[in-house]
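Please look through this model with me.

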Amino acid sequence: MILREASFRVLIVSDDTSSGSTVGRHLERAGVTVEAMPAANAASGLAGNGKLPDLLVVDGDGSAGLDLCRMLKSEPETLSLPVVVLGRTETRRLECFAAGVDEYMNHDVSGEEFLVRIESLLRISSARRTMMAAKLAGEIRHREEIRDTFRRYVSPRIADQILADNGMRHRALSTANARVRATVLFADMRGFTRISEQLSPAAVVPLLNEYFALLTEITFKHDGTVFNMAGDCLMVGYNVPFEQADCTERAVATAREMLARFGKLAATWDRQHGIETGLGVGINEGEVIAGNIGSAAYMSYTVIGDTVNVAARLGQRARAGEMLFSEEVKVSLESRGVEVDAVDLPPLSLRGRSSPVNIYCIPVGERLDIRP
């Protein structure tokens with residue numbers, strides 16, 4: 001018998017102590033742990049118990065027991081809790097089933113029949129709880145997988161914010177591409193080709209990891225989204241996949257900190273390895289296509305478009321210790337009352353574009369003429 005093979009806990013709710021005692025003795029002889037409480041205390045007792053019983057036996061002669069059944073079957077936390085009502089009349093039987101109870105038995109039911117019917121309910125309850133536990137574990141795993149995915153792109157704080165917001169999560173996970181206005185930043189290490197020639201691959205990889213760890217930390221600090229890491233280049237976006245009214249300011253602040261902090265790291269590398277390097281940053285603003293792009297086998301959330309291409313070219317052109325940005329970025333900053341000490345540079349001509357791009361420069365520290 002399943003009652004003796006597993007550990008079950010049954011709560012008896014009754015104001016009739018003699019009736020409750022009889023039912024309790026049947027269950028205890030079958031190896032079930034039995035608890036009892038008056039109907040008036042049951043609702044608060046269940047709410048504060050923390051762990052629900054495996055089954056509830058309710059004396060259905062009074063109105064309090066029936067009210068308790070209705071309450072339990074209306075709450076998501078207790079909806080699946082099996083409830084058995086013991087009553088005496090056919091009218092009360094129909095009322096109980098209307099209230100959502102799982103089983104109704106007369107008070108004069110034999111002990112053997114009572115246990116058989118209870119065992120059936122407990123078997124179903126056990127299977128249901130196992131299924132619910134498996135479903136919950138699956139949902140937790142799925143949520144952690146989504147969180148880990150988001151944390152590849154954004155800071156843990158923003159990842160949790162996206163997970164907590166259904167709208168943000170839907171936009172980020174949607175396979176539909178969206179046109180949005182974004183600020184795109186490219187950070188390029190200057191002198192990487194020469195470093196790769198001077199040092200062995202085993203020595204270059206730790207330097208790249210240190211480089212990307214620093215830039216990613218700064219990006220997440222300013223709530224940017226990392227879209228790509230390739231070679232010695234990092235691509236970051238703002239105002240996507242979530243809105244940021246101050247996205248341009250965030251991008252410029254990110255660039256300033258990247259240039260300043262990587263300058264110190266580059267000095268350390270020079271002392272330790274005798275290599276000369278620096279960082280160049282390019283920023284552009286405009287419309288992009290954002291979405292999960294790729295094949296059925298592999299997809300990646302990213303942004304594409306002319307805005308991205310211009311930002312990439314600015315990043316390539318920037319010298320070590322230099323931030324280049326487009327006129328769109330300058331106009332956006334000025335519209336928000338932000339003044340930057342920018343220097344006009346000759347317009348940048350790009351292949352495939354009918355007109356050159358007006359660009360500006362903000363040097364941070366000493367600019368170095370270090371080639372890629």
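Predicted model: local features only at pLDDT ≥ 70, side-chain atom pairs only at ≥ 80, totals over all residues.

1. Start with the aromatic rings. The structure has four aromatic pairs. One of them joins Tyr 211 and Phe 262.

2. Where do Tyr 211 and Phe 262 lie? Tyr 211 belongs to helix 10 (residues 201-221), and Phe 262 belongs to helix 11 (residues 247-273). The pair therefore ties together parts that are 51 residues apart in sequence. Both Tyr 211 and Phe 262 are buried.

3. Tyr 211 and Phe 262 are part of a cluster linked by ring pairs.

4. Next, a charge over a ring. Lys 330 places its charged end over the ring of Tyr 360. The distance to the ring centre is 5.3 Å.

5. Now the cysteines. How many disulfides does a search of the whole structure find? The count is zero. Take Cys 96: the closest cysteine sulfur is that of Cys 69, at 6.0 Å. A disulfide needs the sulfur atoms within 2.5 Å, so this distance is too far for a bond.

6. Is Cys 96 buried or exposed? Its relative accessibility is 0%, so Cys 96 counts as buried. Cys 247 is also buried, with a relative accessible area of 8%.

Methods:
Residues numbered from 1 in each chain as written. Heavy atoms only, no water. Phe/Tyr/Trp six-rings, centres within 6.5 Å; stacked < 30°, edge-to-face > 60°. Helix = DSSP H or I, 4+ residues; strand = E, 2+ residues; numbered from the N terminus. Buried < 20%, exposed > 50% of the residue type's maximum accessible area, 1.4 Å probe, protein only. Lys NZ or Arg CZ within 6 Å of the ring centre and 35° of its normal.
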